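Dear colleague,

I am handing over the structure that we spoke about, and I would be glad if you could read the notes below with the structure open beside them.

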Amino acid sequence: MACLVRDSRGRSPFWYCSYTTAEGRRLKKSTGIRIKPIPGELREDGKLTTTADMRSRALEVCLGIQRAERMAAEETLTEQAVKKVLSEILERATGAGIPTVSAEQWLNDWLGEKRRVRTASTMERYALCVRDFIASLDQRAKLPVQAITTGDVVRYRNSDLDKGKSPGTVRLNVVVLSTAFNAARRRGLIDRNPCEAVEHPPAQKAERQSFTREQVVALVAAAEGDWRGAILTGFYTGARLGDIAALRWENVDLEKRVITFTPKKTAAKGKTLVVPLHDDLERELLRRPGVGKAPLFPSLIGKKTGGAHGLSRSFAMIMDRAGIRPEIIRHTDRGRRNTSLSFHSLRHAFVSCLANAGVGVEMRQALAGHASAAMNLAYTHRELAPLRAAVSVLPSVTDGSVQDVGRMRKKGKR
């Protein structure tokens, strides 16, 4: 039985707790509560604190110590139990326990903070990951964030794998959660990141292939409407499908013969790409020039790339009409499939054709957006010259001619 005692030598101003340890030993430990209150110290109700008040607080601490020792003897003492006991002691002694934040609340608060510094596409991925993780926790999502264990994250990882998600996607989801828990650790909400001990699934070596020139010619011939221009833009600029669908005429400078855009993937870093127009692409754009914020490809803008009715699915149908049958490199249990060729393969073709024509790696990086050097419309004609020379080596994939482009340029200037 625990009880309060004073320092036998009378040197300490604090109450001591006499208690029995889990091993059965009798010990004394200071409660940190003074025997007599500090003169003028007030209680919550505004009245002066008495010696009886101090003794009551000390007794609460003492009983908590004894409770923890009893739990240790019964082998039921956990980190979470210790924090709960300490919080209860603090609440009874001071009126306020140790502040806690539930896992669900913390993850949603973290999302709210990230929305200020991340792009919309990145936040869409973050939000989906957090939503699925909270759902996997079920009722445990209501527990304090420090109660989340490595086992919780492992179950979420395994659930993703069972759903047929790729190892890369599963790995990225765990990394997103790890970022959130690291932020909680920096705030002092947790002592350890439960994601650190989670092993990642082995990566699959299933890389996208590059389209050949003949395949690009077939794609252009099979495309209808805005898709013809979108495919040419992909092949002659290396831009991703989502970036191409979002292009507007203000991104095109027909006078300087360049197209300028900021890839969504690197928007947070402020990277702006300037790519000279290849004759084939320029010819296609000159067929129906526009101005300002008018969409470059009206039927594509605003549409998502994924999904059963997304842009990627529409491009797959164009490949089928062109007689291109890509290899299925991954087939999931839920009917999803990844193929060796997709719209992104036009980006591979863009870089590959430049490399095969002897264009240096730095120039290829600059054109494809892999380089870190900033680019903008302030390029002089001399600075654009090497870029234009690099793009000019790309093969023609349409049935037009240089004379056609010249005539259309003159027509556009009238």
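This is a predicted model: local features need pLDDT of at least 70, side-chain atom pairs count only at pLDDT 80 or more; totals for chains, interfaces and linings use all residues.

D152 lies in helix 5, which covers residues 150-162. With a relative accessible area of 3%, D152 counts as buried, because that value is under the 20% limit used for the term. Its side chain makes a polar contact of 2.5 Å with the side chain of R155, and, when neighbours within four places in sequence are left aside, D152 is in contact with F133, L137, R140 and A147.

Turning to the nonpolar cores, the largest has 50 residues, of which F211, L219, W227, I231, F315 and L346 touch the most other members. Helix 8 (residues 226-237) gives the largest share of this core, namely six residues. Apart from this core lies another, of 28 residues, which includes V130, Y156, A183 and V198. As for F211, its contacts beyond four places in sequence include V216, L219, F315, M319, I324 and L346.

Finally, there is an open sheet of three strands, in the order 4-5-6 and with antiparallel pairing. Strand 4 (252-253) and strand 6 (273-276) are its edge strands, each pairing on one side only. Strand 4 is joined to strand 5 (residues 258-261) by two bridges, and the two run antiparallel; the bridge partner of D253 in strand 5 is V258.

With best wishes

Methods
Residues are numbered from 1 along each chain as its sequence is written. Side-chain values use heavy atoms; hydrogens and water are left out. Helices (H or I, at least four residues) and strands (E, at least two) are DSSP runs, numbered from the N terminus. Buried means under 20% relative accessible area, exposed over 50%, partly exposed in between (1.4 Å probe, protein chains only). A polar contact is a pair of N or O atoms within 3.5 Å; within protein, one must be able to donate a hydrogen and the other to accept it, and residues adjacent in sequence count only if both atoms are side-chain atoms. Contact means heavy atoms within 4.5 Å. A nonpolar core is a set of buried Ala, Val, Leu, Ile, Met, Phe, Trp, Tyr and Cys residues joined through side-chain atoms within 4.5 Å. Two strands pair if DSSP finds at least two bridges between them.
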